[in-house]
Amino acid sequence: MNTPEQSGGDRKRFLCIHGHFYQPPRENPWLEAIEVEDSAAPYHDWNERICAECYAPNAHARIVDGSGQVHRMINNYEWISFDIGPTLLAWMERHGRRTLEAILEADRKSMERCGGHGNAIAQAYNHTILPLARRRDKVVQVRWGIGAFRHHFGREPEGMWLPETAVDTETLEVLVENGIRFTVLSPRQAGRIRWVGSGERGILESLPVDTRQAYRCRLPSGGEIALFFYDGETAQRIAFEKLLRDGEQFFRHMKSRFDPGRSESQLVHVATDGETFGHHHRFGEMAVAYLISRLEGEEEIRLTNYGEFLSLHPPVSEVEIVENSSWSCAHGVERWRSDCGCRPSGSSAHQRWRGPLREALNHLKTKLDEVFEREGLELFLDPWTAFEAYVNVLLSRGEERVRKFVAEVASRDLTEEEATRALKLLEMERHGQLMFTSCAWFFDEISGIETVQVLKLAARAIQLAEKNFHVLLEEEFLGLLEQAPSNHPDIRNGRELWKKEVRPAVTDLERVLAHFAISLIFRQDPPPLVGHAYKVNRLDMSIRETGHAHLVVGSAEVFSFVTLEKARRIFAVVHFGGMDVQFFWMPHSESGSYEALKKELTGVFQNGSMGDLYQRLLESFRGPTHQLRDLFRDEQRKIVEDTLKDRVEDYQVMFEKLFDQDDALLQRLAALRYPIPEPMKMAAKVSTERRIREFARRLESPEDLQGFSQLLDQARQWGYRYEAGEWERLLLVLLEEAVRGLLKTDDISATLEKAGYILEAAEVLKIKLNLWNVQNLYVEVCRQRAAFLQDHKEAVTSFASRIQLNPGVLSLGPAPKPD
């Protein structure tokens, strides 16, 4: 293939695989944190799930031998071209740091291999369909994308991926103005072509595009940009025809795409969603790794990236683009503004909601821009220059950095209140950008999580505008949104969706305080941070308990890291028992004597009735304003789970008692092939699974394993059917704990033996474990304790084989870091 010291200058055949990696901004717009997404289970959210299925595996892709053992790991990012969305990179920085570090290291190595040209290219900031955006917004999306790239990769990008490859001439002009040398498009986006050799006076002709070369696109401004048109047939086969199912098949196909009769240099390249490599197609990353390894024996083919190929073979032929075109809509860019017929495969739903949604958001954006310009002229040297620079705050937010930024862009020395006002203005405009994320229009229903998320972003922008800048926007916006029909009769239209899903999510400082204060009832010391946006500083607090009831009276300051806004509040929480809890508050300035109020309320709680207490709270505070349902989802789930714990245990004990009584009866019914009644089956299932879990957690001897097997055999006799995924997750957690234990113990043999019993338990359950993270952990542990483990080499290598690792992997390069 190509080693770091080899040059591509004398090669004729170049190969490039490009992955477009992207996730929309899923964060709660008020918290700047992603709340639990049930549809992503068993993971917390879709970013976490796709990272586990795709982004992390591509950093440590496996090459396996004929027996299925891993004999090599490859960082695919070091060998493929890729772009990663800025909103995804920001998430990785917090939650997938090790995967991000592997990606950044891969880009650095690719620069060494490819003459200073890295594999990574930039991406427009939040995946807005740029041909549908105003020029100013195009500029923001491009410059913010470049700023994010520079922040993470530490260099300037040569190329930029356009969301959905959607393009028009104005977008290309903006790219060129900002130093971008190339972008990648679909072959159907190529318009007329002037072939090399036709001369400056030659004609532009409508001919099929040759995807094996780069093209020059001349722009009306006099500038030009290089365009690559990927191999559309191969992209189709990867995405929809299971080309990645077999690595050898993938290798042979890519090799066959070269033109054998061509004497000049040629680039075979394909671009697809990066999530194809592992998420959409399980083990797709292994097919890519296999291709990479196979090319090591191909002296004539060089794996390259677009920047290197462009430097070696600048474009000569010229091309025009098809205006307002994209790679995922046969009708141009209509998928993001009309019911054009493009929809997920198999869907029969209409998309008549797309047009009204686009119209409503465009109208809102116009109003937001007017507010931003009018108010910004009072606060900034130049409002739009300040907004473009605001990306530097978003990439590394901290109070000191935020204050320094405001001082740099302000038209004068601002008071604390004016600085907060300026930041709220910038946040309003930021959410006006985010609400055009393309996913909102891509799927088949307005009530999908992608569209609801965009509407929440719009709600945040509206809230900031209405509460701070004396405008009324919501009702007019909802009048337009009402014209967006849902496919579901119970939702009806966008206005109803707003009422059900969006308005209840709107958050203010009081809700943040309520979240913290109610948590005090159930957790003695809840964390002061709420999401990534707020901090609650306790100034004073008193908790009283009698029976199942609680009273909290306190004083606190709520602070926003985003806008620097802060407010002091007096609060009270009364808990009547169970999940019945109510929150009250008042401004600190209205409290009179706080100590006297606290003493009075405490006295009523301890000596009076709950009715007397509630009446006194109504007289003293504003409220009740919030209940348990108003807590943010993750903390709410923890509280509900904790509240139900004793009751669930009651059910468990009752089920086990019934199961013990009917164990023999179940066996007789099974022998008679009599269908087990559902209530009996439920009690038996719950009881059996608890006992199996207990056995699994204490597997330390052959006798434990035998007991585990016997219990399962008995359960199978009465028809027990288990959920394989649930048991796989439990066994993997136990296995990972055992492997991590090797870092701290000197009893290596016993620890590996315990891990071995867990593997045998999986065999008893007939479950094939996904050992990807266990393998990563084991390699890391072995390299960290290499000297000590030399004395246990036989046991260490034997266990490596049991988890499908060739022992040779244990001594390869830097250890892969498990997320």
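Me: Which residue with a positive phi follows α5?
Reply: In this predicted model, helix α5 spans residues 169–177. The residue that follows α5 has a phi near 85°. That residue is Gly 179.

Me: Which residues of helix α5 are buried, and against what do they pack?
Reply: The buried residues of α5 pack against α4 (135–153), β6 (160–161), β7, β9 (214–218), β10 (224–229) and β13 (318–321). The buried residues themselves are Thr 171, Leu 172, Glu 173, Val 174 and Leu 175.

Me: How many aromatic pairs does a search of the whole structure find, and why is the pair of Phe 182 and Tyr 306 classed as it is?
Reply: The search finds 32 aromatic pairs. In the pair of Phe 182 and Tyr 306, the ring centres are 5.9 Å apart and the planes meet at 50°. Planes under 30 degrees apart would count as stacked and those over 60 as edge-to-face, so this pair is tilted.

Me: How far apart in sequence are the parts that Phe 182 and Tyr 306 tie together?
Reply: Phe 182 belongs to strand β7 (residues 182–185), whereas Tyr 306 belongs to helix α9 (residues 306–312). The pair therefore ties together parts that are separated in sequence by 124 residues.

Me: Is Phe 182 buried or exposed?
Reply: A residue counts as buried under 20% relative accessible area. Phe 182 has a relative accessible area of 1%, so Phe 182 is buried.

Me: Over which ring does the charged end of Arg 698 sit?
Reply: The charged end of Arg 698 is 4.3 Å from the centre of the ring in question. That ring belongs to Phe 695.

Technical notes: Residues are numbered from 1 along each chain as its sequence is written. This is a predicted model: local features need pLDDT of at least 70, side-chain atom pairs count only at pLDDT 80 or more; totals for chains, interfaces and linings use all residues. Side-chain values use heavy atoms; hydrogens and water are left out. Rings of Phe, Tyr and Trp (its six-membered ring) pair if their centres lie within 6.5 Å; planes under 30 degrees apart count as stacked, over 60 as edge-to-face and the rest as tilted. Helices (H or I, at least four residues) and strands (E, at least two) are DSSP runs, numbered from the N terminus. Buried means under 20% relative accessible area, exposed over 50%, partly exposed in between (1.4 Å probe, protein chains only). A charge sits over a ring if NZ of Lys or CZ of Arg is within 6 Å of the ring centre and within 35 degrees of the ring normal. Contact means heavy atoms within 4.5 Å.
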